[in-house]
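These are my notebook entries on a single chain, kept in the order in which I looked things up.

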Amino acid sequence: MTTAIKVVRKYYAIDYDRRIVAEAEEEIDRIMEKKGYKKGTYDILVSIKYVES
């Protein structure tokens with residue numbers, strides 16, 4: 001018997017104070033640009049979760 005597994009990725013943008021300032025399930029750079037952040041002023045953390053479906 002086969003169990004289907006769904007991979008869920010969540011992207012978090014973290015500022016220099018280590019606060020999460022944005023989260024998304026896809027392109028986070030576009031969101032950060034709209035918020036006024038420049039590339040290089042934040043780090044991106046990727047969370048990957050496996051869920052049985």
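Entry 1, the pairing of strands. I looked up alanine 13 and found that it stands opposite alanine 22 in β2, while tyrosine 12 stands opposite glutamate 23 in that strand. I take helices (H or I, at least four residues) and strands (E, at least two) as DSSP runs, numbered from the N terminus. β1 and β2 run antiparallel and are joined by four bridges; two strands pair if DSSP finds at least two bridges between them. Before going on I note that this is a predicted model, in which local features need pLDDT of at least 70 and side-chain atom pairs count only at pLDDT 80 or more, whereas totals for chains, interfaces and linings use all residues. Residues are numbered from 1 along each chain as its sequence is written, and side-chain values use heavy atoms, with hydrogens and water left out.

I find an open sheet of three strands in the order β2-β1-β3, with antiparallel pairing. β2 and β3 (43–52) are the edge strands, each pairing on one side only, and the twist from one strand to the next averages 25°. Helix α1 (residues 28–35) packs on this sheet and touches β1, β2 and β3, and its direction makes about 135° with that of β2. Here axes are lines fitted to C-alpha atoms, for helices over the stretch in contact, and angles run from 0 to 180 degrees between N-to-C directions.

In the hairpin of β1 and β2, which has five residues between the strands, arginine 18 takes a positive phi near 65°. Is aspartate 15 buried or exposed? Aspartate 15 lies in the loop between β1 (5–14) and β2 (20–24), and counts as buried because its relative accessible area is 6% (buried means under 20%, exposed over 50%, partly exposed in between, with a 1.4 Å probe and protein chains only). Its side chain reaches the backbone nitrogen of aspartate 17 at 3.0 Å, and a polar contact of 2.6 Å joins it to the side chain of arginine 19. A polar contact is a pair of N or O atoms within 3.5 Å; within protein, one must be able to donate a hydrogen and the other to accept it, and residues adjacent in sequence count only if both atoms are side-chain atoms.

Not counting residues up to four places away in sequence, aspartate 15 touches Val21 and Thr41 (contact means heavy atoms within 4.5 Å). By that rule threonine 41 touches Asp15 and Tyr16. Threonine 41 sits in the loop between α1 and β3, and its side chain reaches the backbone oxygen of lysine 38 at 2.5 Å. I record threonine 41 as partly exposed, since its relative accessibility is 29%.

The largest nonpolar core has seven residues, Ala13, Val21, Ala22, Ala24, Ile28, Met32 and Tyr42, and β2 gives the largest share, three residues. Such a core is a set of buried Ala, Val, Leu, Ile, Met, Phe, Trp, Tyr and Cys residues joined through side-chain atoms within 4.5 Å. Tyrosine 42 is buried at 9% relative accessible area, whereas tyrosine 37 is partly exposed at 28%. The rings of tyrosine 37 and tyrosine 42 have centres 6.3 Å apart and planes at 85°, so I class the pair as edge-to-face (rings of Phe, Tyr and Trp, its six-membered ring, pair if their centres lie within 6.5 Å; planes under 30 degrees apart count as stacked, over 60 as edge-to-face and the rest as tilted).
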